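Please look over this model with me. My notes follow as numbered points.

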Amino acid sequence: MMHRFAEATRFVQEADRILVLSHLSPDGDAIGSTLAVGQLLRSLGKQVTMVNDSMISDRFHFLPDVNHIFLPKQIAEKFHYVIALDCADEERMGSCRQLFVEGARVLNIDHHATNHGYGAVNLIVPTAAATVEILFDWFESMEVAWDQQLATYVYMGLLTDTGGFRYSNTTPKVLRQAAKLVEFGAPAHELADRVLESTTVAQLELLQRALATMQLSPSGKVAWMELTQGDYETDQDVEGIVNYARNIIGVDVGILFREIDSHTVKVSLRSRSIVDVGQLAKSLGGGGHARAAGCTIHRSLADAKKEVFASLEARWGV
Ligand SMILES: [Mn+2]
């Protein structure tokens with residue numbers, strides 16, 4: 001890995017103007033890694049433009065400099081050097097790709113097992129709990145001077161991608177990194193409170209509607225909920241709802257079916273231990289991790305449900 005870090009460092013050294021981006025509908029790891037790399041590059045005297053395809057969820061608005069992450073349409077120039085963070089593939093960048101010059105060099109830093117290495121330089125570590133875990137090691141290899149802000153960004157990614165240090169990706173290494181980040185000044189309690197323990201009335205009302213639709217498969221191993229058009233206004237309100245299905249004792253797979261329009265359904269998948277929902281999502285044209293994944297199915301809600309249940313039955317017998 002050390003020579004990969006050196007390659008990444010060289011990539012940064014040879015560029016002066018760098019576009020930093022992450023995946024659409026960014027989560028805490030995507031936003032934390034974008035802001036962390038932005039700060040690192042500025043400290044090295046580089047001109048940095050941070051961009052994301054989607055609006056940043058309100059819950060992250062307290063993070064310093066988060067208002068410097070722009071939408072692609074707000075940026076006029078095009079870039080020769082791009083750092084892509086937490087993006088399993090180029091589609092996940094959304095419209096950010098319009099800001100690349102033809103043949104732009106990409107540094108691809110990610111922890112998704114499905115990432116095939118679309119960059120000129122690739123730092124892909126599928127065993128990492130979060131993209132920020134890789135950044136932590138890269139920064140250490142550069143002997144970066146940590147401050148509270150940088151520690152906050154990196155901690156944010158660890159916190160959210162491990163579900164508050166509860167998921168199976170919470171390794172001793174993650175906890176050691178987290179401990180160091182708290183020593184560097186990351187406000188652990190405040191971050192958990194703002195990001196994991198806070199909700200809006202709209203979010204609770206949506207949860208209420210979703211819970212009212214909860215159903216269990218005959219085996220008791222699959223639980224699902226559905227939201228139809230008009231149930232919700234923003235993607236951010238939907239975050240986390242799927243976990244309520246997976247959390248039921250005895251359930252292995254929790255699913256949220258979300259109707260976007262009469263022939264498009266977004267499917268969020270969570271599993272406890274048996275079903276690799278990353279593989280399931282991939283077979284349906286999506287992606288993700290073994291325990292958390294998603295896909296979009298271009299069918300009616302009823303047909304999308306049939307398709308997912310048929311795959312689960314055929315491949316995992318649940
Ligand atoms: Mn991630």
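1. H2 and H3 cross in a left-handed sense. This is a predicted model. Helix H2 spans residues 28–43 and helix H3 residues 131–141; their axes lie 9 Å apart, at an angle of about 20 degrees. Angles under 35 degrees count as roughly parallel, so H2 is roughly parallel to H3.

2. Which residues of H2 and H3 make the contact? From H2 come Asp29, Gly32, Ser33, Ala36, Val37 and Leu40. H3 supplies Thr131, Val132, Leu135 and Phe139. By class, the residues of this contact are six nonpolar, three polar and one charged.

3. Now look at burial along H3. The buried residues of this helix are Thr131, Val132, Glu133, Ile134, Leu135, Phe136 and Trp138. Thr131, Val132 and Leu135 are also named in the contact with H2. After H3 comes Glu143, with a positive phi near 55 degrees.

4. The crossing of H4 and H5 is left-handed.

5. On the H4 side, Ala151, Val154, Tyr155 and Leu158 make the contact. On the H5 side, the residues are Val174, Gln177, Ala178 and Leu181. How does this contact divide by class, and how many residues are charged? Seven are nonpolar, one is polar and none is charged.

6. Step back to the whole chain. It is divided into domain 1, residues 2–195, and domain 2, residues 201–316. The domain centres, taken over C-alpha atoms, are separated by 27 Å. Nine residues of domain 1 are in contact with seven residues of domain 2. The domain 1 side of that contact has three nonpolar, five polar and one charged residues.

7. Leaving out residues up to four places away in sequence, His298 touches His263 and Thr264. Val265 is 33 residues from His298 in sequence, yet the two are 6.4 Å apart in space, C-alpha to C-alpha.

Terms used. Residues numbered from 1 in each chain as written. Predicted model: local features only at pLDDT ≥ 70, side-chain atom pairs only at ≥ 80, totals over all residues. Domains from an automatic or database assignment. Contact = placed C-beta atoms within 7 Å. Nonpolar A, V, L, I, M, F, W, Y, C, P; charged D, E, K, R; others polar. Axes fitted to C-alpha atoms, helices over the stretch in contact; angles between N-to-C directions. Helix = DSSP H or I, 4+ residues; strand = E, 2+ residues; numbered from the N terminus. Parallel < 35°, antiparallel > 145°, perpendicular 65-115°, else oblique. Left-handed = near helix turned anticlockwise from the far one by under 90°. Buried ≥ 20, exposed ≤ 12 C-beta atoms within 10 Å, placed from the backbone.
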